[in-house]
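Student: I have a model open and would like to go through it piece by piece. Can we start with the annotated part?

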Amino acid sequence: METPAQDAAHMARAVELAAHGHGTTSPNPVVGCVVLDAAGRVAGEGFHAYAGGPHAEVVALAQAGERARGGTAYVTLEPCDHTGRTGPCSRALLEAGVARVVIAVSDPNPKAAGGAARLRGQGVAVTAGVLAEAAERVNEEWLTYARLGRAHVTWKFAATLDGRSAAEDGTSKWITSPEARADVHRLRAASDAIVAGIGTVLADDPHLTARPAAVTRADAAGSAVAVREVTQGRSGTAGQAGAEALDGRGGRGGRADGTGRFDGRDGAAGRPENAAGRPDGGAGWPASAGGRPEMAAGRPEGAAGWPASAGGGAEPGGRVPLRVVVDAGARTPQSARVLDDQAPTLIAVADDSDTTLKADLLRLPRRDGGLDLEALLRELAARGVVSVFLEGGPTLAGSFVRQGLADRVVAYLAPALLGSGRAALGAAGVGTIGELHRLTFDEISPIGPDVRLIARPARNEAGSSDVHRNH
Ligand SMILES: Nc1nc(O)c(N)c(N[C@@H]2O[C@H](COP(=O)(O)O)[C@@H](O)[C@H]2O)n1
């Protein structure tokens, strides 16, 4: 029997492995697995790489072969007990003769859960909850999606040290460095959807596409080391993940009317570097750096019926994030760049708005002077969007924060001062200091001459997040 310290060490490795799936497993979770032989030696390792591909346990068991018999499996998410795109991991573990299974987090997907009970019922020793916090963190997008039925939101902004995102005359290009902007493109590319408000569309006419520059494995490894240094060795933190739409077949990025899917593979906004595996080793979140040689061969075309749609599945080279404009009054110009053919686009408008706009429209109830953003995130989740990257502008970001829907904040701060001009965040429902939205830092990393800060809503004593306190 492993000691708790050994359990923690092997599970930490499994969390590290899970992080390699960031940016490519959506709409499935990121999952890692380590298999020991009966003598406690590592016999196999694996992670889930893309929806429709083998689960982490199956990859690790295949590597371990006969050595798994009488051994122990460490898995970051409860082994599934269902036949979805692939067979049940509980059965694979039983057939391999594993004597003990250590689990970090239970599977909230009712269709897949039950693996722990089945294993116990068949005489396998099961230990649950080991390194649960780290395993939750690495898989936070998917767990948010699976538990709350809405997409997870990362709000990104770039600002001066005094928190301003534009000068008095509205100019904002560029506050942060090319390195910081390239980092943003990596995070965009790892997200299922990029969301902006109509104010940003009218002011900047952005493309909202992910255009990450190719980064070598050495670069990625270097940046991961830098991050580890400033964060004192934390591993498996912020994550980009994915979830199977819980009907087991949900695609994402489909057209709003559900009539078809955008095939972004040939689009100019495609991500050619992914054709041979992502050279940045994954989503661009720190724990992903390190490269994933297993992905180099790509995935079998159309595996398990998963459509090669934009924003859907994790086929290397076949996925572009869905663009979403929050536009209650349907003011998006027909000529806006977000409506070009480089990626699919959804325009979220109020259900009572009268428009002739030729675009995929999502009609939502009004709320709080804008749209009901929780309804938006639920609608996106129903389309298989697990992770949202929220960019611009301050008004929309303020509404997300006010409605308790900013799950993670990524701030790029330049060593510069403006003193006046637009603040990064608009009205966020704070009237007095006691109502401020308290966050905790996950990471602080240098990016070129700038600093990237990653923070999340602080938990209050009751365990709920302070940002969500009013909701
Ligand atoms: N334990 C475990 N390991 C993995 O590697 C996984 N991908 C999952 N996913 C769970 O199963 C559902 C997806 O199943 P299919 O890929 O369609 O077969 C997913 O929703 C999770 O509940 N679990």
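Tutor: The span of residues 5-116 is 30% helix and 21% strand, and its end C-alpha atoms lie 22 Å apart. This is a predicted model.

Student: What feature does UniProt place at residues 5-116?

Tutor: The UniProt record, an unreviewed entry, gives "domain: CMP/dCMP-type deaminase" for residues 5-116.

Student: Ok, strands next. How do S1 and S2 run, parallel or antiparallel?

Tutor: S1 and S2 run antiparallel, joined by five bridges. They form a hairpin with five residues between them. In the turn, Gly-40 has a positive phi of about 90°.

Student: Which residue of S2 is the bridge partner of Val-35?

Tutor: Gly-44 is the partner of Val-35 in S2. Val-35 also has a bridge partner in S3, namely Ala-73. Strand S1, residues 32-36, pairs with S3 in the antiparallel sense over four bridges.

Student: And on to S4: in what sense do S3 and S4 pair?

Tutor: S3 and strand S4, residues 100-105, pair in the parallel sense, over five bridges.

Student: How many residues of S3 are buried?

Tutor: Six of the six residues in S3, which spans residues 72-77, are buried, so the strand is largely enclosed by the rest of the structure.

Student: Switching to the ligand. How many residues surround it, and which are the closest?

Tutor: There are 23 residues around the ligand, and the closest are His-48, His-55, Gly-84, Asn-109 and Ala-112. The elements that give two or more residues to this shell are helix H2, residues 56-64, and S3.

Student: How do the residues of that shell divide into nonpolar, polar and charged?

Tutor: Eleven are nonpolar, seven are polar and five are charged.

Student: Which domains does the shell draw at least three residues from?

Tutor: Domain 1, residues 4-141, and domain 2, residues 149-468, each give at least three residues to the shell around the ligand.

Student: On phi, then: what is the value for Asp-205?

Tutor: Asp-205 has a positive phi of about 45°, although it is not a glycine. Asp-205 sits in the loop between helix H8, residues 198-204, and helix H9, residues 217-230.

Student: Is Asp-205 buried or exposed?

Tutor: Asp-205 counts as exposed because it has 12 C-beta neighbours inside 10 Å, and the cut-off for exposed is 12 or fewer.

Student: What about phi of Asp-368, and where does that residue lie?

Tutor: Phi of Asp-368 is near 60°, a positive value in a residue other than glycine. Asp-368 lies in the loop between strand S11, residues 366-367, and strand S12, residues 370-371. Asp-368 is exposed, with 12 other C-beta atoms within 10 Å.

Student: Back to S6. Is Ala-158 buried or exposed?

Tutor: Ala-158, which is found in strand S6, counts as buried, with 23 C-beta neighbours inside 10 Å. Its C-alpha atom is separated by 8.7 Å from that of Ala-180, 22 residues apart along the chain.

Student: And where is Leu-161?

Tutor: Leu-161 lies in the loop between S6 and H7. Leu-161 is partly exposed, with 13 other C-beta atoms within 10 Å. Leu-161 and Gly-419 are 258 residues apart in sequence and 9.6 Å apart in space, C-alpha to C-alpha.

Key:
Residues numbered from 1 in each chain as written. Predicted model: local features only at pLDDT ≥ 70, side-chain atom pairs only at ≥ 80, totals over all residues. Buried ≥ 20, exposed ≤ 12 C-beta atoms within 10 Å, placed from the backbone. Pairing = 2+ DSSP bridges. Near = placed C-beta within 6 Å. Nonpolar A, V, L, I, M, F, W, Y, C, P; charged D, E, K, R; others polar. Domains from an automatic or database assignment. UniProt positions renumbered as here; feature names shortened; annotations may be inferred.
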